[in-house]
Amino acid sequence: QVQVVCSGGGLVQAGGSLRLSCAASGSIISISAMDWYRQAPGKQRELVVTITRSGSTNYADSVKGRFTISRDNAKNTVYLQMNSLKPEDTAVYYCNAVIQVSQLRYGNYWGQGTQVTVSS
């Protein structure tokens, strides 16, 4: 079995910073892409940023220059450093990981989500 656990959310004032973490554990052979999504109230879940195993990244325009994703492959962990936060960044943030669990089997595994609230 595989578990993905997110942490690090909270309440912060506009202009502040937060760092999210997401750790995968269990029967893992390797992890390819790891992503952060977010879902604001009444809105669809959107992709914030993705990072490949080799470290290539792709950010949504709304967070470029403010958010930085990184990963530690040895720890099966991905991080999201969020700076210059805005009220419109308020959402539940989810981690997704594409995980190889057997020689021929890959799956998408989601974390439970962590709430980020930015006050104006």
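These questions and answers walk through charged and aromatic side chains in a predicted model.

Residues are numbered from 1 along each chain as its sequence is written, and side-chain values use heavy atoms, without hydrogens or water. Because the model is predicted, local features need pLDDT of at least 70 and side-chain atom pairs count only at pLDDT 80 or more, while totals for chains, interfaces and linings use all residues.

Visitor: Is Arg38 buried or exposed?
Guide: Buried means under 20% relative accessible area, exposed means over 50%, and partly exposed lies in between (1.4 Å probe, protein chains only). Arg38 has a relative accessible area of 6%. So Arg38 is buried.

Visitor: How far apart are the closest N and O atoms of Glu46 and Arg38?
Guide: Side chains of opposite charge can pair when their charged atoms come close. A salt bridge is a side-chain nitrogen of Lys or Arg within 4 Å of a carboxyl oxygen of Asp or Glu. Glu46 forms one with Arg38, and their closest N and O atoms are apart by 2.6 Å.

Visitor: Which residue meets Arg38 in a salt bridge of 2.9 Å, N to O?
Guide: The partner's side chain meets that of Arg38 at this distance. The pair links distant parts of the chain, 51 residues apart, with the partner in the loop between β8 (77-82) and β9 (91-100). The partner is Asp89.

Visitor: Which residues are linked with Arg38 in a network of salt bridges?
Guide: Arg38 has salt bridges to Glu46 and to Asp89. The network also takes in an arginine, Arg66. Linked with Arg38 are Glu46, Arg66 and Asp89.

Visitor: What is the angle between the planes of Tyr37 and Trp110?
Guide: Rings of Phe, Tyr and Trp (its six-membered ring) pair if their centres lie within 6.5 Å; planes under 30 degrees apart count as stacked, over 60 as edge-to-face and the rest as tilted. The structure holds 1 aromatic pair. Tyr37 and Trp110 form it, tilted, at 5.0 Å centre to centre, and the angle between the planes is 55°.

Visitor: Which residue has its charged end over the ring of Trp110?
Guide: A charge sits over a ring if NZ of Lys or CZ of Arg is within 6 Å of the ring centre and within 35 degrees of the ring normal. Here the charged end sits 4.8 Å from the centre of the Trp110 ring. The residue is Arg45.

Key. Helix = DSSP H or I, 4+ residues; strand = E, 2+ residues; numbered from the N terminus.
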